[in-house]
2 protein chains.
Amino acid sequence: MDKMYTIGDAAAELGMPASTIRFYEKNGLIPNQQRASDGRRLFDEDDLEWMRFVERLKVSGMPIKEIREYIRLYIEGDSTIEERRRIVHERRAAIDAQLEELKLARDFIEYKCWFYDVAAESGTCDTPRNMPLDELPDNIRRIKAKCRINRY
Amino acid sequence: MDKMYTIGDAAAELGMPASTIRFYEKNGLIPNQQRASDGRRLFDEDDLEWMRFVERLKVSGMPIKEIREYIRLYIEGDSTIEERRRIVHERRAAIDAQLEELKLARDFIEYKCWFYDVAAESGTCDTPRNMPLDELPDNIRRIKAKCRINRY
DNA sequence: GTGGAACTTAAACCATGGTTTAAGTCAAGA
DNA sequence: TCTTGACTTAAACCATGGTTTAAGTTCCAC
């Protein structure tokens, strides 16, 4: 279980280019990076787990600066627990806000999908555009009301 | 209901800087933009609705280039229905993928929130880190298994 | 009719998050 | 021994999505 990975292996494992891993290390996103005696980077399982964690933070929209700050606090140890707690709670709130926005965007697009399905079938956008409210499928009527869709 | 908005009004209404609206227009994200006789931009309710739609596309991660392409097709009329249909269906799939990723990221962060709540209470990260599986709250145990969280 | 606020443009500028390049090192196999 | 491929670095480069600046116009209130 103490298998070590070269940067190429790690890149393949994580599904990202090696250049990105170098960029992350240069920017302080990988703590305690080990090196072989000839200077090559070495990664263990913990490093990979850490980098997957960093990927989650990135997916959540956390800027690199902030991730680096978090890592700095992590390295500093137990004296920074409160600060790290604040950061992760903030991040959770940010994700929740993002999820709300994304769900709303999905509703919009759901409407558009229906719109063009109907338009494609009839050959013109006038068909879905002029369809009376009571002929709309329930979910589409709900979306149209919620998102205040009128003309488009 | 045929009230017209200046760019400042529209900016206030949409909650974005006027410079962004100019940038969008320059990049073809606003079809049929009207102008007052002195050259000032004029926006009606339809323009605002359109721009809210553009905002949804942006939230969904659609690049500006692609939004412009969509608008080009929209302007071209009913002959492009199939193409637009393809685009919105692709976009829906992209949003769904994004939602999945974001929910996974949320689980990770949820775990971290629990971790630091426990750490803060006891004063050390060792407490949550070494907590036996059967003492973990159900949701946390589930997340830890699903996300393969070991060391971090 | 004068000052100030709100608009116009093109062009320069900026931050973010990488990617690419150039020049060099090293280990292994033919 | 020589070549090949994977690595190293610093620095240059790039795309995206705006924002800012500079110089000029126009409307409105006083």
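The largest nonpolar core of this predicted model has 94 residues, a nonpolar core being a set of buried Ala, Val, Leu, Ile, Met, Phe, Trp, Tyr and Cys residues joined through side-chain atoms within 4.5 Å. Those with the most contacts inside this core are A:Ile21, A:Phe43 and A:Tyr70, along with B:Ile21, B:Phe43 and B:Tyr70. Here buried stands for under 20% relative accessible area, exposed for over 50% and partly exposed for what lies in between, with a 1.4 Å probe and protein chains only. In soluble globular proteins, nonpolar side chains tend to be buried together.

Residues are numbered from 1 along each chain as its sequence is written, while chains are lettered from A and ligands numbered from 1 in the order in which they are written. Because the model is predicted, local features need pLDDT of at least 70 and side-chain atom pairs count only at pLDDT 80 or more, whereas totals for chains, interfaces and linings use all residues; side-chain values use heavy atoms, with hydrogens and water left out.

Not counting residues up to four places away in sequence, B:Tyr70 touches A:Lys112 and A:Tyr116 in chain A, and B:Trp50, B:Phe53, B:Met62, B:Arg84, B:Ile87 and B:Val88 in chain B.

The two chains are related by symmetry. Chain B is superposed on chain A by a rotation of 180 degrees with 0.0 Å of shift along its axis, giving an RMSD of 0.0 Å; this is the relation of a two-fold axis. The superposition is by least squares on the C-alpha atoms of residues with pLDDT of at least 70 in both copies. The same surface serves both copies, as 100% of the contact residues of chain B recur in chain A. B:Leu99 comes closest to the rotation axis of the residues of chain B, with its C-alpha at 3.5 Å.

Empty space comes next. Rolling a probe the size of a water molecule over the atoms shows where empty space is left. On a 1 Å grid over the protein atoms alone, a cavity is a set of points where a 1.4 Å probe fits but cannot get out, and a pocket is an open set with protein on both sides within 12 Å along at least five of seven lines; lining residues have an atom within 4 Å of a point. Grid points are joined across faces, edges and corners, and a volume is the space filled by probe spheres set on the points.

The largest pocket has a volume of about 380 Å³. Among the 15 residues that line this pocket, A:Glu49, A:Arg52, B:Phe108, B:Cys147 and B:Arg148 are the closest to its centre. Two elements give two or more residues to the lining, α3 (45-59) of chain A and α5 (81-122) of chain B; α3(A) gives the most, with six residues. Helices (H or I, at least four residues) and strands (E, at least two) are DSSP runs, numbered from the N terminus. The lining divides into five nonpolar, two polar and eight charged residues, where Ala, Val, Leu, Ile, Met, Phe, Trp, Tyr, Cys and Pro count as nonpolar, Asp, Glu, Lys and Arg as charged, and the others, Gly among them, as polar.

The second largest pocket has a volume of about 280 Å³. Of its 13 lining residues, A:Cys147, A:Arg148, A:Asn150, B:Glu49 and B:Arg52 are the closest to its centre. Here α3(B) gives the most to the lining, with five residues, and the classes are four nonpolar, one polar and eight charged.

A search of the whole structure also finds two cavities of 30 Å³ or more. The largest has a volume of about 50 Å³, and its lining includes A:Trp50, A:Phe53, A:Tyr70, B:Phe115 and B:Tyr152. Its largest share, three residues, comes from α5(B), and the lining has seven nonpolar, no polar and three charged residues. The second largest cavity, of about 40 Å³, has A:Lys112, A:Tyr116, B:Trp50 and B:Tyr70 among its lining residues, with α5(A) giving the most, three residues.

Two further residues of chain A are buried. A:Glu110, in helix α5 of chain A, has a relative accessible area of 17%. Leaving aside neighbours within four places in sequence, A:Glu110 is in contact with A:Asn139, A:Ile140, A:Ile143 and B:Arg92. A:Asn27, in the loop between α2 (18-26) and β1 (34-35) of chain A, is buried with a relative accessible area of 18%.

How values were computed: Contact means heavy atoms within 4.5 Å.
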